[in-house]
Amino acid sequence: MFSRRRREAVEHELHHIAAASDAAVTQNPEGSNASETGLESQLEQVDGGVVAWRNLIAAFMFEALLWGFPISFGVFQNHYSQLPQFKGNPHVTLVGTMASGIPYLGAPFMAAFVRRYQRYRYTIIWVGWPLCILGLIAGSFADSVGALIVTQGVMYGSGFLILYWPILSVVNEWWITRRGMAFGFVTSAAGASGIAMPFIIELLLAKYGYKFTLRAVAVAMVILTGPLIPMIRGRLPPAMQASAPTRTDWSFVRKPLFAVYCTANAAQGLGFFFPSLFLPSYAASIGLSGRQGALLLALMNLGQVLGQWTFGILSDRMSLNPMLVLSTTVAAIASFTSWGLAHDLAPLVIFALVFGFFAYGFCSMRARMGTAVSEEPTAALATFGIFVCCQGLGNVLAGPISVALLEGTVRREGYAVVSEKKKSKTKSETEERNWNARA
């Protein structure tokens, strides 16, 4: 089964390259044989080789640093909720929702745009990268939740959306039969940085405040990601890029399997984002320290790295649908048990590791969901972008849903419930009972 899939994928890719090569030669009929030979000699090895791995590692670093930051927003949210100017404002969660939601919802449009103008991918990267940095710097001057939403949320999220898809399209060119592994490797990068990033951010926030922290993160991103931009290079030479097909084959949208995968991604997204947003706040409300809350995020990110790498590799070798069912089922069970019944650190540690491994493992299999519904090279980015968008719908809904949930009154001794308001009320009721008893 695996060898047949590998052979078919290679044949489709070679057909795609041949079409681009023929078009490029047709544009230069004089010396066409020499031109064709020259174009073919410029194509380097796929699914391995120095250049393919260099592009993959560069994409990994961009994902680790630029995407690892918004998914660690739970630490920022816990800090913002304790500041006088933001305390009690339920819309603080929208900062993180915008920073991570815009890249999700804009994915199909940006994927199609990059496909249409793939010759300008390098220019597009230079538009998105500065916008991310400027969003952080502008956010460091914000004194209201609305300003944070616009800067740390909308500006940063838009910049990452613009930056990310040209890079992902380059990875898509270099990895064909091992695409599941490659995309699993890239998507696990945010978890890798998330192992340490919550601790660093929590330390900076506690010592210097959010304004200094945002500026420090901006400077660090310039230093660490700026030199990587020249490393991003497409596999097709400019002559082939200019003549390669730019229109996406959308025939896959009529397939029932495509609708099933869209529904699955949207349903999974409804619960996927809550742990990263609320684990630190939940930990604080049951008496754990801010550092312990950051530890939980780090452990969930560790599980993410292992899960996305594992499921990405397995998706190249095993049947896809059983692994999708396994990842979502185990993540749901962990949420109902390890998190739902947790009133101290130990169950939350188990939840963070298990949820990170299985829930995030689902995300690394989107590339293979795409090849399952269409093997046309022109549809690869489009399917991936649509599945990302479907999950992003859950990300956007997570903000207002969480606001409604937090406005409810709950008991600390109950199931999966703690809120600061209710915690204070419970304490007052206890003191009142003690006073009555003494009286």
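Tyrosine 208 has a relative accessible area of 45% and is partly exposed, a class that lies between buried (under 20%) and exposed (over 50%), with a 1.4 Å probe and protein chains only. Phenylalanine 212 is also partly exposed, at 40% relative accessibility.

This is a predicted model, in which local features need pLDDT of at least 70 and side-chain atom pairs count only at pLDDT 80 or more, while totals for chains, interfaces and linings use all residues. Residues are numbered from 1 along each chain as its sequence is written, and side-chain values use heavy atoms, with hydrogens and water left out.

## Aromatic pairs

The structure holds 33 aromatic pairs. Rings of Phe, Tyr and Trp (its six-membered ring) pair if their centres lie within 6.5 Å; planes under 30 degrees apart are stacked, over 60 edge-to-face, and the rest tilted. Phenylalanine 73 and phenylalanine 76 make a stacked pair, 6.4 Å centre to centre with 10° between the planes. They are three residues apart in helix H4, so about one helical turn separates them, and both are buried. Helices here are DSSP runs (H or I, at least four residues), numbered from the N terminus.

For tyrosine 208 and phenylalanine 212, the ring centres are 4.6 Å apart and the planes meet at 40°, so this pair is tilted. Elsewhere, ring pairs link Trp67, Tyr104, Phe160, Tyr164, Trp165, Phe183 and Phe384 into a cluster.

## Charges over rings

Which ring face does arginine 215 lie over? The ring is that of phenylalanine 141, with the charge 4.5 Å from its centre. Arginine 116 lies over the face of tyrosine 117, at 5.1 Å from the ring centre. The test asks for NZ of Lys or CZ of Arg within 6 Å of the ring centre and within 35 degrees of the ring normal.

## The largest cavity

A search of the whole structure finds three cavities of 30 Å³ or more, and the largest has a volume of about 370 Å³. A cavity is a set of points on a 1 Å grid over the protein atoms alone where a 1.4 Å probe fits but cannot get out; lining residues have an atom within 4 Å of a point. Points are joined across faces, edges and corners, and the volume is the space filled by probe spheres set on them.

Of the 26 lining residues of the largest cavity, Glu63, Trp67, Ile71, Tyr104 and Phe273 are the closest to its centre. Helix H5 gives the largest share of this lining, four residues. By class, the lining has 16 nonpolar, eight polar and two charged residues (nonpolar: Ala, Val, Leu, Ile, Met, Phe, Trp, Tyr, Cys and Pro; charged: Asp, Glu, Lys and Arg; polar: the others, Gly among them).

Terms used. On a 1 Å grid over the protein atoms alone, a cavity is a set of points where a 1.4 Å probe fits but cannot get out, and a pocket is an open set with protein on both sides within 12 Å along at least five of seven lines; lining residues have an atom within 4 Å of a point. Helices (H or I, at least four residues) and strands (E, at least two) are DSSP runs, numbered from the N terminus.
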